[in-house]
Amino acid sequence: MPLLQFHVLEGRSDQEIAALLDATHRVVLDVFHVPLRDRYQIVHEHKPSRVRFEDTGLGIKRSDKFVLVQITTQRHPIEQKTAFYDKLCAELERSCGIKPTDVMVSIVENTVADWSFGLGRAQFLTGELHGAMEDATSAPRGSKQPAELAGASPGRPT
Amino acid sequence: MPLLQFHVLEGRSDQEIAALLDATHRVVLDVFHVPLRDRYQIVHEHKPSRVRFEDTGLGIKRSDKFVLVQITTQRHPIEQKTAFYDKLCAELERSCGIKPTDVMVSIVENTVADWSFGLGRAQFLTGELHGAMEDATSAPRGSKQPAELAGASPGRPT
Amino acid sequence: MPLLQFHVLEGRSDQEIAALLDATHRVVLDVFHVPLRDRYQIVHEHKPSRVRFEDTGLGIKRSDKFVLVQITTQRHPIEQKTAFYDKLCAELERSCGIKPTDVMVSIVENTVADWSFGLGRAQFLTGELHGAMEDATSAPRGSKQPAELAGASPGRPT
């Protein structure tokens, strides 16, 4: 379910792209505990003249290997998000040679009713899938069930 | 107002793209009851090596005609969203020959203050347009007015 | 932090693109009071056959200089958003010759936990940066702190 869109400068090889996507998916699996095939990734390659990637004054130097990952996902606890940022940088450095200074992430959240994976069905509502916050085996303090969940998925297995 | 972004593999003809956009807009009009010219559609065409579209373990087979539709829109009741998923699949199969196994949708919601259609104005706040949840002639149980609406559109006709 | 994605028709020169990005960033700085280098901009150029940009029945005539700006940002007061729409149109007309009828904006909001600018850190949570709503020197009536903020940034300077 998470939909990941990668923004990179043009010029990477097919192998580099594949390694980036595989490495990121490993971290998604590890941190968000989604099914193995819960993988939706899109790479947008841009000419340098068509982007501006600065650093909000944080003193972070960018290179031409900069990656901006936009994630659309159901709600996740803050602890999972911060773990994702941390582990993504470690894994991209380890397996792709991308520096932690070149990894930026922006997340936008939606709800269980906002996804259809095919067949015209909202699989989180039909009970074919269950939502991210339910899946958290160690839900942190303050985590909340998505507001729509209670009344919306009567067929969800308990 | 809904902004629709289509992600497809490259290789479709202009006619196929036009049919996809027209068919989808018919379903938007039918389900979300927006004005006829409330149409904002963008097609992103991708090389196979630049995307990964799997199935979350649902056993849904994808083909090279796969379409991921990202929608940015004001809030809609769950019933409208599920009707949209269902009718979109039916319409794309009927008029474009796209299989229901190849149709995925992801929705992100915003509010009446988050749109300007031109002229520097927020037309849902000025009263030139009215919001989606207001427009629902058969608002379902549990539907809520956007939180910002009450105080924000004094000029809205009643 | 705001991430801006521009959708335009192909055919603009490098100079036109640079002017569009610079002008828009001036308005972001002016209205949202972000750091000078809080600049993340991506231009997507589209073939005419791959987009549909209409007018929601508002009678707004579009030209081939149409620009749709998608913004992902932390929460901002309504007054800032409406000021942004207004000033963006004025600035794009003044410095780029883009008509106010050709400027559309769509905003999606997220929270302080949803951004990592590099180094695997969520800089709004670590205290390296502070959130948009906190920064508003003239917070309007009804502005709220992001719900997650209170408990999430113990190291934030006061």
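Between chain B and chain C, 23 residue pairs are in polar contact, with both residues at pLDDT 80 or more; a polar contact is a pair of N or O atoms within 3.5 Å, where within protein one must be able to donate a hydrogen and the other to accept it, and residues adjacent in sequence count only if both atoms are side-chain atoms. The model is predicted, so local features need pLDDT of at least 70 and side-chain atom pairs pLDDT 80 or more, while totals for chains, interfaces and linings use all residues. Residues are numbered from 1 along each chain, chains are lettered from A in the order in which they are written, and side-chain values use heavy atoms, without hydrogens and water.

The contact (heavy atoms within 4.5 Å) draws on 40 residues of chain B and 32 residues of chain C. About 3000 Å² is buried between the two chains, 57% of it from carbon and sulfur atoms; buried area is the accessible area (1.4 Å probe) lost on putting two parts together, summed over both. On the side of chain B, B:Arg37, B:Tyr40 and B:Asp114 lose the most area to chain C, together 19% of what that side buries.

Charged groups also meet here. Four salt bridges cross the interface of chain B and chain C, each a side-chain nitrogen of Lys or Arg within 4 Å of a carboxyl oxygen of Asp or Glu. One of them joins B:Arg37 to C:Asp55 (2.8 Å, N to O).
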